[in-house]
Structures are given as structure tokens and as C-alpha cells.
Amino acid sequence: MPYSVAIAGASGYAGGEVLRLMARHPELEVRTVTAHSNAGAALIDVHPHLRSLAHLTFVETTPENLRGHDIVVLALPHGTSGAIAAELDDDVLVLDCGADHRLTSEADWARYYGGDYHGSWSYGLPELPHADGSRHGDVLTGARRVAVPGCNVTAVSLGLAPGIHAGLLRDSDLTAALAVGPSGAGRALKTNLLASELLGSAQPYAVGGVHRHIPEILQNLRLAGAESPTISFTPVLVPMARGILATITARVADGVTAEQLHAEYVARYADEAFVHVLPAGRYPSTAETVGANTALIGVGLDADAGRAVIIVALDNLVKGTAGAAVQSLNIALGLPETLGLPIDGVAP
Ligand SMILES: NC(=O)C1=CN([C@@H]2O[C@H](COP(=O)(O)OP(=O)(O)OC[C@H]3O[C@@H](n4cnc5c(N)ncnc54)[C@H](OP(=O)(O)O)[C@@H]3O)[C@@H](O)[C@H]2O)C=CC1
Ligand SMILES: CC(=O)N[C@@H](CCC(=O)OP(=O)(O)O)C(=O)O
């Protein structure tokens, strides 16, 4: 018997991608999809690319509609999942793609989000190294509440954590500049971001240390062993439907060589199915990750500047959200971690 699944916010981009992955997952059966303005619509009218799920219709997002399933995925706007999650039974596996349960600090929540704080859940970034050498995925085994990371956070955390963990990178004075596709902002963005404004332009946003992913990145880097990390984080919206290309720099510790740095990243992720370090001198592009649950990492050293340059590419809707949710639920349920998850992307 497959596990039964309900997805809240299934009419959105994140929910739609969870649906796409789950449609091919051998142990899962999506029984209920909920929406807000799209409640009552046929799934196929909202997600015409999901032909195998054409039998489903969106219902209202209520605790009653979500109850009675083994797994509930919440893909709702920030601030709306906390109250709904509190209505679900403790033995149901609940995964929140939004931010409501990511931050362990209530002060950070108040500063960057505001509104009611609902506490933190097990965090869904399995490949993150912990300071004690363990793999973060261990905390997900048997979990019944999982907070799926922010997509930008996943890119930056995977790019910095190994070097910081190994003591090769200084943890202050970090920088991350990200080229990001507009699907990261959800479907709602289209009403105020017309193609005429997006195409042919690159637009910075949340400039000056105000992006809400900053505390989440720092939280992850502390788990990896950073003592007092600081990061300058700047996202730039670019005209590509999906994808994140994070260009990260960090001061290297005295005497660290390019070979040593690269070898550390290769060793750290050698056993990971979804995080791949490219050969020395090679750097990824977003197109190599579209549709796949992979993060690709290029590691280099700018010797004159004394800084590591680490470039991470991933698909914000797969490894950045839906893939991370499925990977985490596989671990939580004791299934093979890679089950139902694509490693290959689509091209061109
Ligand atoms: N897009 C991405 O790359 C990523 C998204 N996430 C997170 O996933 C969550 C969903 O994002 P995304 O799919 O992009 O957003 P979308 O705007 O595409 O989808 C939002 C979903 O929530 C529903 N919804 C809207 N308002 C309400 C409300 N007031 N109450 C209940 N449901 C509502 C919408 O229903 P309807 O369409 O019927 O109005 C829709 O199903 C967010 O928390 C987001 O931050 C996380 C990582 C990456
Ligand atoms: C283009 C764009 O706006 N991208 C979003 C990414 C959102 C994301 O990663 O998810 P959460 O909002 O759940 O954290 C942003 O930078 O805020």
C-alpha cells in the first residue's frame, strides 16, 4: 500500500513541482490537492503539464481536507502554514515548504518575518555537515515534522558549509551574489512582474542585508561549525524560468591551496547522490540542473584576493524545494533517500 498524500497549496509553483515528483514516486499516492483562489478547479487546468494527475480537483485548504493522510505537504505562503500544521495529528508526516518552521531563533523570526512564531522543525537539508562530523540527514530519520529549506539558502549553505567545517574558510566576511529565476517568487509574482519588465533585464532585490534567507543561512553555517558568521547576500532576478546560480566568496585560512580546498569539497560530497563537485577549473551553469534534484558545485581560489570562489547551481523548484521535500520524506519514512528523485535534468 502506498503512503497517502495531501498537498496544500498544490496550485502554486512549489506544490506543482511536489506533484510532478510524487506522480513518479513508487511509494506515494497523492489523494488530495488543496488551493485558495483555485479551489474547485480541475488540476489539469492549472497544471496542464501534469497529465497523469488529471483526475484530481482542488479543494479548499482546511485541516479537515488535509486530515486522514499519511503525509501532508504544505506549500503555502509564509505565515499561513503554522496554524494549519497545528491542527494535524502528531503521527502524520508534515513537510512545510514555507519558512514558518525553519528558524530556531524567535528573535530572527520577528526581525525577518514577523507575526506568530510557531517554533522550529527538523530541517530538510540532508547533506549539511555538522560540526561534530555527522550528516544533517540523521536528524530526519523518523521525523514527523520537516521544515524544507529556502532555495537560496540551500545553494549558499551547500557551498560554504564544507569549507567552514574543515577550517579552510574564515566564517566572517562571506559574500554571496545570486542570479535567480522568477519562479522562486511563486505564481503570484506574475501580476506585478510583466514579461516586458523581466525580459532583457537583471534586477537586484532585497539589497543591503535585509533578505529573510540571511538568518537561515547563518543558522546552517553555525551547525557546520561557524562561530560568528557574517554574510553579505544579494539576489538578482534574471530572465530564466527556473534556477539559482550562487557566486560565493570567502577568505581562506592562511596557507590554504586551491588543490586542498577542491579536494575537501570532493571528499565531503563524494558519497552524496545529489550534490556533485565538478572537476577543478570547472564551474556549473543553471541549465545543467533544470528538472533535477542536484546541486552542482565548482570550487576555486582567487589567490591574489585570498578568497575562495565557490559557484553553486541548482533548480530552485527541485533541489531548492520539492526535491528536498521528497528527499526528506524518504529519509523520515526509512525509504531509500533517492527514491523517485531525478538526478538527470532536461536539456537544452
Ligand atoms: N517557488 C520556489 O522556488 C520556492 C518556494 N518556497 C515556498 O513554498 C511556498 C509556496 O510558494 P510558491 O509555490 O512559489 O507560491 P505560489 O504563489 O506559486 O503558490 C501559493 C499557493 O498557496 C495558495 N495560497 C495563496 N494564498 C493563500 C492563503 N491566504 N491561504 C491558503 N493558501 C493560499 C495558492 O492557492 P491559489 O493558487 O489557489 O490562490 C497556491 O496554491 C512558499 O512558502 C514559498 O516561500 C520555498 C522554496 C522555493
Ligand atoms: C525570485 C524570488 O523572489 N525568490 C525568492 C525565493 C523564495 C524561496 O526560496 O523560498 P522561501 O520564500 O520559502 O524562503 C526570494 O528570494 O525570496
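In this analysis, helices are DSSP runs of H or I with at least four residues, numbered from the N terminus. Under that convention, Cys151 of this predicted model belongs to helix α6, which comprises residues 151–165. The unreviewed UniProt entry lists Cys151 under "active site". A residue is classed as buried if 20 or more other C-beta atoms lie within 10 Å of its own; Cys151 has 27 C-beta neighbours inside 10 Å and is therefore buried. When neighbours within four places in sequence are left aside, the contacts of Cys151 are Gly184, Ile244, Asn316, Gly320 and Thr321.

The domain assignment divides the chain into domain 1 (3–149 + 318–333) and domain 2 (152–314). The C-alpha centres of domain 1 and domain 2 are 24 Å apart. Contacts across the boundary involve 24 residues of domain 1 and 30 residues of domain 2. On the side of domain 1 that touches domain 2, at least two residues come from each of α5 (106–112) and α10. Helix α10 gives the most to this side of domain 1, with 6 residues. By residue class, the side of domain 1 that touches domain 2 consists of 12 nonpolar, 8 polar and 4 charged residues.

Two ligands were examined in turn. Around ligand 1 there are 30 residues, of which Gly12, Ala35, Asn38, Gly98 and Gly186 come nearest. Both domain 1 (3–149 + 318–333) and domain 2 (152–314) give residues to the shell around ligand 1, so this ligand lies between them. Helices α1 (13–22) and α10 (318–333) each supply at least two residues of that shell, and the largest share, 3 residues, comes from α1. The shell around ligand 1 is made up of 11 nonpolar, 18 polar and 1 charged residues.

The surroundings of ligand 2 include Cys151, the residue listed by UniProt, together with Gly98, Ala99, Gly150, Asn152, Val180, Pro182, Gly184, Ala185, His213, Pro235 and Leu237. Helix α6 and strand β10 (231–237) each contribute at least two residues to the shell around ligand 2. This shell contains 7 nonpolar and 5 polar residues, and no charged residues.

The largest nonpolar core contains 99 residues, and the members that touch the most others are Ile7, Ala8, Val73, Leu74 and Val312. At least three residues of this core are drawn from each of domain 1 (3–149 + 318–333) and domain 2 (152–314). For Val312, contacts beyond four places in sequence are made with Ala155, Leu158, Gly159, Ala246, Ile248, Ala295 and Ile297.

A further position considered was Ala179, which is located in strand β8 (residues 174–180). Ala179 has 17 other C-beta atoms within 10 Å and is therefore partly exposed. Not counting residues up to four places away in sequence, Ala179 touches Val236, Val238 and Leu245. Although Ala179 and Thr247 are 68 residues apart in sequence, their C-alpha atoms lie 8.4 Å apart in space.

Definitions and conventions
Residues numbered from 1 in each chain as written. Chains lettered and ligands numbered in written order. Predicted model: local features only at pLDDT ≥ 70, side-chain atom pairs only at ≥ 80, totals over all residues. Near = placed C-beta within 6 Å. Nonpolar A, V, L, I, M, F, W, Y, C, P; charged D, E, K, R; others polar. Domains from an automatic or database assignment. UniProt positions renumbered as here; feature names shortened; annotations may be inferred. Buried ≥ 20, exposed ≤ 12 C-beta atoms within 10 Å, placed from the backbone. Contact = placed C-beta atoms within 7 Å. Core = buried A, V, L, I, M, F, W, Y, C linked by C-beta atoms within 7 Å.
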